Each structure stands twice: as structure tokens, then as C-alpha cells.
Amino acid sequence: MTIRILMMVSLLFSAVVSAQGLTFGVVPQQSAKKLAAKWSPVLKYISDASGVDIQFTTAKNIPEFEKRLLAGEYDLAYMNPYHYIVFHEKPGYEAVAKQKNKQIKGIVVVRKDSTINSLSELQDAQLAFPSPAAFAASILPRAQLAKDNIAFTPRYVSSHDSVYLNVSKGFFPAGGGVLRTFNNTSPEVRKQLKVLWTTQPYTSHAIAAHPRVAKEKVQKILQAMLQMNDDPQGIALLKTLNFKGLEEATNDRWDDIRGLNIHLLEHMIEE
């Protein structure tokens with residue numbers, strides 16, 4: 001099936017779903033079960049406050065999520081900053097909001113009892129990453145390793161939680177993640193790990209809308225999101241995501257990501 005046919009089928013499917021409500025795709029940094037438990041109450045609050053029905057959805061892994069973004073399957077989506085600049089170009093997702101006062105930092109984790117104290121000690125190692133285009137958890141650490149001339153073999157294990165679990169079990173000496181998902185992973189796994197290295201900060205994930213979503217609905221949803229910042233119930237729900245709040249965001253907020261000149265997914269939007 002060609003990309004064009006895939007996009008047409010996905011758009012037709014999304015149109016049927018959107019007749020009943022809007023789909024909200026969440027990048028699968030963690031298991032679908034864990035993401036649904038955290039995001040569904042937040043989306044119900046936004047639905048009730050905006051009068052626009054919004055339904056949680058995700059994908060089995062990050063590459064599948066990327067394909068669905070390209071096909072325009074999600075009406076709204078929470079996506080990493082690199083995904084945003086790519087899929088803003090095609091099919092045209094437009095930024096609505098982002099986590100308030102937040103920049104994203106990638107990390108490399110090792111077991112707490114590891115004797116590794118620097119990236120240079122990962123020479124010739126096999127390292128765990130969520131996926132090739134996971135921005136802070138994969139792109140940034142790999143770029144730093146390459147810059148430092150540290151040879152390594154990447155192994156992609158589908159999610160941030162899988163990285164932490166694999167490193168905790170000693171299957172890999174180190175792996176990439178981000179501070180938010182590290183803090184959200186199970187205490188049993190987290191207590192076995194320590195952060196070896198941290199990237200510099202960049203603009204964090206985008207909440208963006210597909211261009212087919214009516215601007216009136218987008219504005220209602222944005223106002224409901226901003227309302228959460230001043231409502232004890234909203235604040236409590238955002239805390240479950242490790243969000244301190246939500247703020248309006250426009251496309252130019254991600255110019256720092258564009259400045260990195262990353263081309264990893266350009267082939268997707270050029271086909």
C-alpha cells in the first residue's frame with residue numbers, strides 16, 4: 001500500500017471517528033495501559049470544560065506513531081519536539097499548547113551499581129534507545145556520542161520504560177530517556193538506576209492540532225487546557241503527568257529544534 005493510499009484510508013477512518021469525537025494521540029513513550037491511565041482523566045476534564053469530546057489513543061511504538069502522524073490519523077496529538085517540526089510540514093499539524101515553563105532534557109541512565117562514570121566508558125557498547133527519532137532520549141544522546149567519537153551500537157526497544165527495564169536488568173550497560181519518563185517509571189525499576197549524563201535543555205513536546213480541526217474547536221480546547229492551571233482539580237490531574245501547567249504555544253517556539261538541522265525523518269514527508 002503506497003503512502004498516498006495509506007493517508008487516504010487513515011483520513012477517512014479519522015473522519016468517521018471525528019464525527020463522534022476528536023482523537024488525541026499520545027507519543028508512546030510508555031505502555032498504552034500506563035498512558036491511558038494518566039491521560040484519559042486529563043482528556044475527560046478538557047472534554048467536559050470545552051464541550052468537545054476528545055478520546056485518548058496512541059500507537060504500539062514510536063515508528064508506528066510517526067506513520068499515523070504522517071497519515072493525519074490523529075485530530076490532536078502530543079508529540080516530541082522533533083516530530084512536531086517534521087509533521088508541521090506535512091500533513092500540517094499546528095501547535096496549540098505545551099507544558100508550562102518546561103524544557104526537555106535527555107538523559108543516559110546506567111545501573112546504580114555500575115562502575116561507568118562517563119560517556120567515554122561506553123566505547124563499543126550496545127546501548128538501548130526507544131526509537132531512532134525519539135528526540136531527547138535518542139537523537140540527542142546519539143549525537144553527543146558521535147561528536148565525542150564514541151563508537152556504539154544502538155538497539156531500539158520501543159519505549160522509554162523498556163529502556164529503563166532493560167538497563168535495570170543488565171541487558172544493556174546504558175540507555176537513553178528523559179527526566180520526566182524516568183521519574184514516571186515504576187519505583188522498582190527507577191531505584192536500580194542512576195543518571196549518567198544529561199543533555200542541554202530544549203523546547204519540550206507539542207500539543208498540536210491537525211488542520212482539519214475547526215479553529216473554533218481548537219480555541220475551546222485551548223481555553224479548557226489553560227483553565228486547568230487555576231483549578232485545583234485540573235492542577236491535580238496535570239500533576240499525574242508530571243506537568244506543572246499548560247501554556248499556549250505557537251509554531252515558532254520550536255525554532256531551537258529547527259536550528260539543530262536534523263534530517264532523520266525528512267524521507268517521510270518527501271515521499
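Reply: The chain has twelve helices and 13 strands, where helices (H or I, at least four residues) and strands (E, at least two) are DSSP runs numbered from the N terminus. This is a predicted model, in which local features need pLDDT of at least 70 and side-chain atom pairs count only at pLDDT 80 or more, while totals for chains, interfaces and linings use all residues. Residues are numbered from 1 along each chain as its sequence is written, and side-chain values use heavy atoms, with hydrogens and water left out.

Me: How do you know that the radius of gyration of the chain agrees with a compact globule?
Reply: The radius is taken over C-alpha atoms, and the globule rule is 2.2 Å times the number of residues to the power 0.38. For 271 residues the rule gives a value near 18 Å, and the chain has 19 Å, so the two agree. Along the principal axes, the C-alpha atoms fill a box of roughly 55 × 45 × 30 Å.

Me: Why is Ser204 called buried?
Reply: Buried means under 20% relative accessible area, exposed over 50%, and partly exposed in between (1.4 Å probe, protein chains only). Ser204 has 4%, so Ser204 counts as buried. Of the 271 residues of the chain, 52% count as buried. Ser204 sits in the loop between strand S11 (202–203) and strand S12 (206–209).

Me: What is Ser204 in contact with, leaving aside neighbours within four places in sequence?
Reply: Contact means heavy atoms within 4.5 Å. On that basis Ser204 touches Pro81, Lys98, Gln99, Lys102, Gln103, Ile104 and Trp254.

Me: Why are Ser158 and Asn242 called partly exposed?
Reply: Ser158 has a relative accessible area of 34%, so Ser158 is partly exposed. Asn242 is at 33%, and therefore counts as partly exposed too.

Me: What makes the phi values of Ser158 and Asn242 worth a remark?
Reply: Most residues other than glycine have a negative phi, and most peptide bonds are trans. Phi of Ser158 is positive, near 85 degrees; this residue lies in the loop between strand S8 (152–156) and helix H6 (160–168). Phi of Asn242 is positive as well, near 65 degrees, in the loop between helix H10 (232–240) and strand S13 (246–248). As for peptide bonds, a cis bond with omega of about 15 degrees joins Lys90 and Pro91.

Me: What makes a space a cavity rather than a pocket?
Reply: On a 1 Å grid over the protein atoms alone, a cavity is a set of points where a 1.4 Å probe fits but cannot get out; a pocket is an open set with protein on both sides within 12 Å along at least five of seven lines, and lining residues have an atom within 4 Å of a point. Grid points are joined across faces, edges and corners, and a volume is the space filled by probe spheres set on the points. The structure holds four cavities of 30 Å³ or more, and the largest cavity has about 70 Å³. The largest pocket has about 310 Å³.

Me: Which residues line the largest cavity, and which lie nearest the centre of the largest pocket?
Reply: The lining of the largest cavity includes Tyr78, Gln99, Val178, Arg180 and Ser204. The largest pocket has 16 lining residues, with Glu94, Ala95, Val96, Lys215 and Val218 nearest its centre.
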